[in-house]
Amino acid sequence: MEILDHLLQGFAIAFQPLNLGLVIFGCALGLFIGAMPGLGSVNGVAILLPMTFLVPPTGAIIFLAAIYYGAMYGGAISSIMLGIPGASTAVATTFDGRPMALQGQADQALITAATASFVGGTVSVVLFTLFAPPLAAVALAFGAAEEFALMMLAFATFVGLGGDDIPKTLFSIFIGLVLSAVGLDIISGQPRLIFGDITGFMHGINFLVLAIGIYGIGEMLWTIESSKGEVKISQATVTVGRVMDSLRKFKNYGKTTLMGSVLGYFVGILPAAGATPGSLMAYGVAKTISKHPESFGKGNPEGVAAPESANNAASTGSMLPMLTLGIPGSPTTAILLGGMVIWGLEPGPLLFVEHQEFVWGLIASLYAANVFSLLINVAFIPAFIWVLRLPFTILAPLIFVLCIVGGYAPTQDMHDVWLILIFGVAGYLLRKLDYPLAPAVLAIVLGPLAETSMRQALLQSNGEMMVFFQRPISGPIMITAVVLFLLPLFKLLKARWRASKAANPGA
Amino acid sequence: MRRAEFVMACVLGVLSAYLMWKSAELPIGWIPKEGPGGGAFPFWLSAGMLACCLWILLRLFRRSSSVSRSTDTYMDRDAVRLFLLVAGSLTVMLLLIHVVGVYVATPLFLLFYMRFMGGHRWFSTSTIAVATPIVAFFFFEIALHITLPKGVTEPFFYPLYDIFL
């Protein structure tokens, strides 16, 4: 078993003292970030990425992946205790988690959430271990045209499946790509879009500037506005006996949890979908297949198990395209991908050949992160409930300072810090008008890659656009992308057709 | 809400047109043996942005998007006040960083925010305001060797560098 050999090597890397310490620290920090209302994995990873320059790249990504994981566990805590989702990925957990807490079963809800997260995480990491190497092997044969087609597919999923306003989604993709084009033209070497020779634009706009602006400053402005008013924290009695009792009950929800895990994993692979829709879908399916659908929304533990297993599984799923194809499966993995570029690791299938220790160390650390997140979560439930009482007027300014100083660190240019503030304010104002911002972050990360691969492919074909549709692999991918781009149009036509049919039933 | 949507789409539309015009400073057509010119990629993308803005305006006038039907206010008085306070204090902090450096600007910002906006006690406020720059100094300057901007306070740090570096 070649995979097992690789995995064992990976464990040897993940269990090095520094890396193991980073996993544990990352999980604890992730749980904290996830538990804070308004902060999720993407905010934590964006704001803390500059801090990881302290450790080698493998350690850095292990740390950030552990935060990603921990945040998925932590999101459930505020969903259950406050009835406010700790992150958008934990929205579905409030449906049954909150009623359970109000009925005095907060501890059981928390334990169910943690255990379901563990199952979801573990099932999906096993699936990941099995799927990743063959997919990477196939992707090794991809050329410029295929790369470009994959990126088109990634953007198309936002339009076809994202569910946001179509022109606003497209605008977000376009502006992200334009921002990525600022700086020196990669082929001719000429400066472009530097706005009257402002030297700060010469080195381009780093994706982190946009990510910290939107997910740091912008998100905080949003949370400050929406978190006014008092919230009520439920009480949870946590004793060893009650924990064991909850764990025993958990096996009754095994089927639901497994369903959530597998569903979440596959939904997570799609760039536009990810953990939030994945957990909502898992909740819906759990309700449909349940023998007592009417008990959902009134405190059914299965309604906690399904979305929590799905959101953890989705976070692993979103790493699959990031590592094998170089296409991020979620905004958080988009930031991880950008980080890999900073650390000098070319994302894509070659990683599995040239940086095996990095890839397998990361995969093994995901197994470890799951175990630690579960242990820390269950052992320190009272501590995380205390965290929820932390006043936002202390946390918010500290996060602002972290954004400013962290944003300065990578390029050491005040110009970038001003841009972070501008993007943050703009992002906040745009978000209030329902402009989706995740596509822009994905686009600024993928932009340079998309432009290079498009220009290379066009050069090889002498400007023939059809090259993307004619090659055996890129063709079907492009056609899928086009179908996804047009999907909203089909839906609209179908709705119109139905409406007209309903208007004159005789016709 | 409708007015905000209209203004935003117009502002973004003007921005798109400006970006198109700036991109066109580089060749946007096909250069033989070199492929598309350096300006082509941003030019056509900005054109796409402009098209999206027109589309958003069209949907606004036809009332076919959810925002264009909303009767909520975009930002009420409270939201505007809070937004201006936070964004304003951040701007002042950045300006101060240029003059007196990070190590003076951030404690001032923290003091202002926690004491006057949060109404926390002087003790907790000042502890955090003093501890934050110290932690930042050791993390960035000592561990990462990244010098944060210090403005006129630069000379005060020379003895610290002598001790720790």
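The model is predicted: local features need pLDDT of at least 70, side-chain atom pairs count only at pLDDT 80 or more, and totals for chains, interfaces and linings use all residues. Side-chain values use heavy atoms, with hydrogens and water left out, residues are numbered from 1 along each chain as its sequence is written, and chains are lettered from A and ligands numbered from 1 in the order in which they are written.

**Interface**

- The size of an interface is often given as the accessible area lost when the parts come together.
- Chains A and B bury about 5700 Å² between them, and carbon and sulfur atoms give 81% of that area. Buried area is the accessible area (1.4 Å probe) that two parts lose on being put together, summed over both.
- On the chain A side, Phe171(A), Trp418(A) and Leu433(A) lose the most area to chain B, together 10% of what that side buries.

**Chain A**

- Chain A holds 23 helices and two strands. Helices (H or I, at least four residues) and strands (E, at least two) are DSSP runs, numbered from the N terminus.
- Its radius of gyration is 23 Å, close to the 23 Å that the globule rule gives for 507 residues, so chain A is as compact as a globular protein of that length. The radius is taken over C-alpha atoms, and the rule is 2.2 Å times the number of residues to the power 0.38.
- The C-alpha trace of chain A spans about 70 × 70 × 55 Å along its principal axes.
- Of the 507 residues, 62% count as buried. Buried means under 20% relative accessible area, exposed over 50%, partly exposed in between (1.4 Å probe, protein chains only).
- Among chain A contacts with a separation of 6 or more, 80% come from residues 24 or more positions apart.
- The 23 positive and 25 negative charges of chain A have mean positions 17 Å apart. Lys and Arg count as positive and Asp and Glu as negative; His and the chain ends are not counted. Each charge is placed at NZ of Lys, CZ of Arg, CG of Asp or CD of Glu.

**Chain B**

- Chain B has seven helices and two strands, in the order α-β-β-α-α-α-α-α-α along the sequence.
- With a radius of gyration of 24 Å, well over the 15 Å that the globule rule gives for 165 residues, chain B is more spread out than a compact globule.
- Its C-alpha trace spans about 60 × 55 × 25 Å along the principal axes.
- Of the 165 residues of chain B, 46% count as buried.
- For contacts in chain B between residues at least 6 apart in sequence, 52% join residues at least 24 apart.
- Chain B carries 13 positive and 9 negative side chains, with the centres of the two sets 14 Å apart.

- Ser261(A) sits in helix H11 (residues 254-269). Its relative accessible area is 0%, so Ser261(A) is buried.
- Beyond neighbours within four places in sequence, Ser261(A) is in contact with Val119(A), Gly120(A), Val123(A), Ser309(A) and Ala313(A).
- Ile327(A) lies in the loop between helix H14 (319-324) and helix H15 (331-342). Ile327(A) counts as buried at 5% relative accessibility.
- Not counting residues up to four places away in sequence, Ile327(A) touches Leu150(A), Met151(A), Ala154(A), Pro271(A), Pro321(A) and Met322(A).
- Ile327(A) and Pro271(A) are 56 residues apart along the chain, and their C-alpha atoms are separated by 7.9 Å.

How values were computed. Contact = heavy atoms within 4.5 Å.
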